Amino acid sequence: MGKSDIKLIGSWASAFTTRVRIAFNIKNVEYEHLEEVLGKKSDLLLQSNPVHKKFPVLLHDGKPLPESLIIVQYIDEVWSSGPSILPADPLDRALERFWAAYVDEKFFPSLKLVRVTQGEQLAAAVEAVGKSFEVMDGAFHQCSKGNAFFGGERVGYLDIAFGCTLAWLRALEKIVGVKLFDEVKHPALAKWMDSFCSDPAVEGLIPETDRFIEFLKLLPGAPPRH
Amino acid sequence: MTSLVELLTYLSVSLSSLSMAELKLLGSWPSPFSYRVIWALKLKGIPYEYIEEDLSNKSPLLLQHSPVYKKIPVLLHAGKPICESMIILEYIEEFWPQIPLLPFDPFQRAIARFWVKFADDKIPAMWIVYRSSGKEQEKAMKDTVEMLRVIEEHALGSKKFFGGEEIGMVDIAFGQIAEWLGVIEEIVGVKLLEDHTFPRLHAWILNFKEVPVIRDNLPDHHEMFVFFKRRRELLLSSSQDQ
């Protein structure tokens with residue numbers, strides 16, 4: 001199967017796009033990356049995802065598939081001879097799916113709220129992120145079973161889902177000048193963050209913090225910061 | 001090759017002994033999310049024990065096994081909890097592959113998952129119609145109609161069900177549109193799913209409710225009306241007190 005059969009519509013700055021790219025790296029699959037321009041959605045994107053008009057969208061032999069975690073599962077199932085992304089046991093799979101949904105429905109939105117709040121609302125948002133990290137710490141101990149990653153010995157589905165939010169975490173800590181993650185309180189998670197970012201499948205894909213800060217400045221809704 | 005056969009035999013023996021193990025479902029009779037799991041289990045012919053939860057007085061069992069959201073449904077398989085209705089359904093599908101609810105083809109399976117996610121992302125709008133008023137309710141009504149429009153135009157083809165000729169996971173995910181939406185419409189006094197505006201959805205609802213497992217496993221319409229009407233009155237009066 002040639003590289004041109006597999007295209008990924010996305011953006012270097014998008015946590016959701018990065019999830020898919022990590023999955024392709026794990027499977028050692030080549031693909032063509034089609035970079036979307038901020039503020040101007042391409043015709044291909046609008047045609048490929050008419051329901052949500054969002055990236056990432058995978059085009060496999062021309063067939064479009066949106067939604068990052070659904071794409072990651074699809075990659076795991078299609079390229080089944082490569083290392084597994086989801087665990088084998090159905091209960092472990094259910095757990096990772098549960099926590100990945102928590103990341104997307106609770107953790108990531110609470111993190112993003114920090115960008116657009118100030119004063120008392122910011123303080124409340126920071127507290128909410130702290131609570132979320134406590135929950136994810138529990139999830140880590142539940143899923144990792146003493147290993148380096150949520151997925152065990154290797155980067156897996158939940159590592160990918162959660163790990164791709166790290167660029168936001170680091171950028172926001174610098175932007176608001178407040179610690180959002182307490183590595184003293186959560187040493188296992190802190191270690192996991194390093195392990196994740198330096199993993200061969202991930203290296204170079206998590207946006208560099210200062211570059212991401214410049215990108216975040218282009219997004220609307222943020223109050224003026226000193 | 002021999003060791004692979006041995007491994008597969010071992011796995012299938014231990015999985016089948018686990019599959020015979022205790023299966024309990026913590027649910028709540030008016031909840032459409034509860035019914036998603038009931039429908040999946042009954043379609044596959046899997047026996048289970050149903051435990052009715054009083055959501056105004058949550059049991060220690062529920063709080064222990066659903067610590068993050070404290071919500072039903074929870075499936076307990078040999079004591080191990082699985083939470084979130086569609087995650088439970090994926091688990092059931094993987095453990096009991098008979099009467100498959102997801103397509104065999106990976107791409108079609110991924111598309112089914114897309115619509116399951118769409119259902120979970122958009123269906124809350126109809127419940128906001130139910131429990132709000134004023135501008136918030138107006139927006140929720142627009143969002144609900146938009147959801148129905150997308151389903152009508154993009155999700156439902158010309159086949160009987162979302163996946164084809166047989167009922168599947170996407171039908172189950174959208175199931176509350178077939179019954180609970182009507183209850184909400186009656187209570188609030190609006191019509192959001194007009195039959196002539198949504199002919200495909202209208203036909204799907206009829207087909208869906210004719211499936212014996214669905215037909216025989218729906219809460220009593222009148223009891224639901226009474227329950228949800230009373231609850232809505234309490235919700236709206238308590239929000240006005242604030």
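**Notebook: surface patches and charged side chains**

I first looked up a nonpolar surface patch of about 270 Å², which Leu4(B), Leu7(B) and Leu8(B) make. Patches consist of residues with over 30% relative accessible area and no salt bridge, with like charges joined within 9 Å and nonpolar side chains (Val, Leu, Ile, Met, Phe, Trp, Tyr) within 5 Å. Accessible areas come from the Shrake-Rupley method with a 1.4 Å probe, and for residues only the protein chains shown count as cover.

I noted that this is a predicted model, in which local features need pLDDT of at least 70 and side-chain atom pairs count only at pLDDT 80 or more, while totals for chains, interfaces and linings use all residues. Residues are numbered from 1 along each chain as its sequence is written, chains are lettered from A and ligands numbered from 1 in the order in which they are written, and side-chain values use heavy atoms, with hydrogens and water left out.

I placed Leu4(B) in helix 1 (residues 2-19) of chain B. Helices (H or I, at least four residues) and strands (E, at least two) are DSSP runs, numbered from the N terminus. Leu4(B) is partly exposed, with a relative accessible area of 41%; buried means under 20%, exposed over 50%, and partly exposed in between (1.4 Å probe, protein chains only).

I then turned to salt bridges, each a side-chain nitrogen of Lys or Arg within 4 Å of a carboxyl oxygen of Asp or Glu.

I next examined Glu134(A), whose salt bridge with Lys185(A) has its closest N and O atoms 2.9 Å apart. The two are 51 residues apart: Glu134(A) is in helix 5 of chain A, and Lys185(A) is in the loop between helix 7 (166-176) and helix 8 (187-198). Glu134(A) counts as partly exposed because its relative accessibility is 41%, whereas Lys185(A) is exposed at 51%.
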